[in-house]
Amino acid sequence: MPIQALPDHLINQIAAGEVVERPASVVKELVENAVDAGATRIEIELEEGGVRRIRVRDNGSGIEPAEVPLALSRHATSKIGSLDDLESVLTMGFRGEALPSIASVSRLSLTSRTAEREHAHRVELEGGRVVSESPHPHPPGTTIEVRDLFFNIPARRKFLKAERTELGHIEEWLRQLALARPDIDVRVSHNGKILRRWNRQDDLLSTRRLDETLGEAFVANAMRIEADAVGIALSGWIARPTYNRAAADQQYLFVNGRAIRDRSVAHAVRRAYGDVLFHGRHPAYVLFVTIDPRRVDVNVHPAKHEVRFRDARFVHDFVYRTVADALRETRPGAQADLNA
Ligand code: ADP
Ligand code: MG
């Protein structure tokens, strides 16, 4: 075959392979867009584990009608405009590829209205191709509906798991959202039944969201931690060593509000717990790292599950020290000293 440039819809479907793994990835991308649009309320409706239908409605900034086609085209974003912006980015998105990728592997409708307009603009796409466009009544904000994920890619559709499993992945991601953004009202329903109602919480130090996401037992054993160093801060909750888990299933790490996995930080925490945990048991924690965005590269993974700290050793040691200091108080020896 001679070398040829691929058509746009094929490029988008290829990109979708990286960004859209399953319904949970769609929920994540749509909700992150709502968060970036400044929404204070997000409603998520799911059907059949999100495979049949995902609808995300927000009260954020909305999109100007003239910009809707751009929002749906590749590498178009309102979030960065230069390398300098990329290096200091604090929004969840910036790659401009989620919407076109999702649209290319589903039936998608986008309805959006800015506060200044009287009507919303609605576009419907099938497999990335626009099939209709019209004005539509809608309150200020955006609703995106994604139906029949992978309807045009049987090979991908085949890999989707049972409804329960897909819903489980979505719920896990929503827990991360609820922990990261207690200031946002979140409503979730599945097959017409209300699944979650997280009301916005004004006091960011309140443990209500922890209670609603990780449960009473975690809260009863949680210790608040807070520490600052140059250009970095760590806050959150760590569970007393007596509350430990058989799996690493309650370990949440957020870097500038983004939920990520990081081996080095996980290792730092594990080491801080050290010998107070039995072999094979895992600590539970919710940690928020706030760091100068110039000291962390968020553009290392298309789905942004990972980041790269410019000075990983420093971050590791800072986390280790903070957690170890907090845990020292819980050691039996420390208690004995206090009582002596
Ligand atoms: P990115 O988030 O990386 O910019 P997306 O493909 O997810 O890329 O979205 C493209 C653009 O569409 C965004 O930059 C934003 O301007 C607009 N957009 C998407 N979703 C929303 C929303 N819910 N509210 C307002 N604008 C949105
Ligand atoms: Mg996005």
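1. The centres of domain 1 and domain 2, taken over C-alpha atoms, are separated by 29 Å in this predicted model. Domain 1 spans 8–198 and domain 2 spans 215–331, with bounds that come from an automatic or database domain assignment. A word on conventions: residues are numbered from 1 along each chain as its sequence is written, while chains are lettered from A and ligands numbered from 1 in the order in which they are written. Because this is a predicted model, local features need pLDDT of at least 70 and side-chain atom pairs count only at pLDDT 80 or more, whereas totals for chains, interfaces and linings use all residues.

2. Where the domains meet, 12 residues of domain 1 are in contact with 13 residues of domain 2 (contact: C-beta atoms, placed from the backbone, within 7 Å). On the domain 1 side, helix H1 (8–19), helix H4 (83–87) and helix H7 (163–180) each give two or more residues; helices (H or I, at least four residues) and strands (E, at least two) are DSSP runs, numbered from the N terminus. H7 has the largest share of that side, 3 residues. By class, the side holds 7 nonpolar, 3 polar and 2 charged residues. In this scheme Ala, Val, Leu, Ile, Met, Phe, Trp, Tyr, Cys and Pro count as nonpolar, Asp, Glu, Lys and Arg as charged, and the others, Gly among them, as polar.

3. Next, a sheet for you to trace: an open one of 8 strands, in the order S5-S4-S3-S6-S2-S1-S7-S8, with mixed pairing (two strands pair if DSSP finds at least two bridges between them). Strand S5 (129–136) and strand S8 (193–198) stand at its edges with a single partner strand each, so one side of each is left without a neighbour in the sheet. On average, neighbouring strands here are turned by 10° against each other, direction ignored. Axes are lines fitted to C-alpha atoms, for helices over the stretch in contact, and angles run from 0 to 180 degrees between N-to-C directions.

4. Within that sheet, strand S1 (residues 41–47) and strand S7 (residues 185–190) pair in the parallel sense over 6 bridges. Arg41 stands opposite Asp185 in S7. H7 lies across S1, S7 and S8, and runs at about 170° to S7.

5. The other sheet to look at is open, with 5 strands in the order S9-S10-S13-S11-S12 and mixed pairing. Strand S9 (222–229) and strand S12 (258–259) are its edges; each has a single partner strand, so one side of each is left without a neighbour in the sheet. S9 pairs with strand S10 (residues 232–239) in the antiparallel sense over 8 bridges, and Ile225 has Gly236 in S10 as its bridge partner. Across S9 and S10 lies helix H11 (residues 312–328), at about 45° to S10.

6. Now the ligand. There are 21 residues around ligand 1, and Asn33, Ala37, Ala71, Thr77 and Gly93 come nearest (near: C-beta atom, placed from the backbone, within 6 Å of the molecule or strand). Helix H2 (23–36) and helix H5 (98–104) each supply at least two residues of the shell, with the largest share, 3 residues, coming from H2. The shell divides into 7 nonpolar, 9 polar and 5 charged residues.

7. Finally, confidence. The protein has a mean pLDDT of 94, and 97% of its residues reach 70 or more; pLDDT is the predictor's confidence in each residue, from 0 to 100. Residues 336–340 fall below 50, and beyond near neighbours in sequence this stretch has 0 contacts in the model. For the complex, the predictor gives an ipTM of 0.99 and a pTM of 0.94.

Notes. Contact = placed C-beta atoms within 7 Å.
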